[in-house]
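Here is a short walk through one structure, to be read with the sequence and the 3D view at hand.

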Amino acid sequence: MTIHADHPFADPPGSRRELRRLRGRWPSGVAVWTSPSGTVASRNKPVGLTVSSMVFADGEPGEVLALLDPDSELAEALESDPRATVSLLPATARDVAEVFAGLAPAPGGPFTVGQWEERPYGPALVDAVATVAVEVVERQPDVGWSTLVRARLAEPVAFHPDDPSPLIHLHGGYPSL
């Protein structure tokens with residue numbers, strides 16, 4: 001459930017920046033990054049953020065690079081505790097994406113939407129396409145209006161046994177594959 005048909009703070013279509021318009025035309029998978037530590041604002045409970053600007057770099061160890069909102073509770077939590085869990089969302093988890101993006105309400109908190117499992121690196125969505133525990137090794141502020149986070153895999157990737165279709169973000173919505 002969402003409260004608005006469109007993002008309430010979005011720039012009108014004619015005044016959006018070129019790169020933002022370009023990014024909106026490039027389909028990307030959607031994930032929720034979580035931290036087990038939380039922040040003062042979250043009363044030290046786990047926090048999470050919807051993230052679609054990610055790149056996976058294979059290697060020993062593998063890495064995940066992501067652009068995070070520097071003002072988010074997740075970015076704040078990762079400053080003091082580098083652990084995070086990345087849950088790649090299935091196509092059925094649009095509501096989870098909206099809640100963790102701050103676009104939909106979640107009475108009782110965001111972790112009441114979807115089924116979550118507590119893990120040492122942060123809660124993981126039970127029906128995620130895949131989940132992986134990561135440890136942040138580098139933060140680079142001011143990459144555009146974002147913070148670039150470079151994180152190494154801390155555990156092997158856990159894939160969902162049924163291999164569900166991923167949630168895709170395109171043109172501000174979630175089209176089906």
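Thr50 is a residue of strand S3, which covers residues 47-51. The model is predicted. Within it, the side chain of Thr50 comes to 3.2 Å from the backbone nitrogen of Ala101. Ala101 is also among the residues that Thr50 touches when those up to four places away in sequence are left out.

The next step is the packing of nonpolar residues. In soluble globular proteins, nonpolar side chains tend to be buried together. Here the largest nonpolar core consists of 19 residues. Trp33, Val51, Met54, Leu68, Leu74, Val86 and Val134 have the most contacts inside this core. At least two of its residues come from each of these elements: strand S2 (31-35), S3, strand S5 (63-68), helix H2 (73-80), strand S6 (83-88), strand S9 (130-143) and strand S10 (146-153).

The structure has 1 cavity of 30 Å³ or more, and the largest cavity holds about 40 Å³ of space. Which residues line the largest cavity? They are Thr85, Arg119, Pro120, Tyr121, Ala133 and Glu155. Sorted by class, this lining is made up of 3 nonpolar, 1 polar and 2 charged residues.

Methods: Residues numbered from 1 in each chain as written. Predicted model: local features only at pLDDT ≥ 70, side-chain atom pairs only at ≥ 80, totals over all residues. Heavy atoms only, no water. 1 Å grid on protein atoms, 1.4 Å probe; cavity = no way out; pocket = protein on both sides within 12 Å on 5 of 7 lines; lining within 4 Å. Points joined across faces, edges and corners; volume = space filled by probe spheres on them. Nonpolar A, V, L, I, M, F, W, Y, C, P; charged D, E, K, R; others polar. Helix = DSSP H or I, 4+ residues; strand = E, 2+ residues; numbered from the N terminus. Polar contact = N/O pair within 3.5 Å; in protein donor to acceptor, adjacent residues only side chain to side chain. Contact = heavy atoms within 4.5 Å. Core = buried A, V, L, I, M, F, W, Y, C linked by side-chain atoms within 4.5 Å. Buried < 20%, exposed > 50% of the residue type's maximum accessible area, 1.4 Å probe, protein only.
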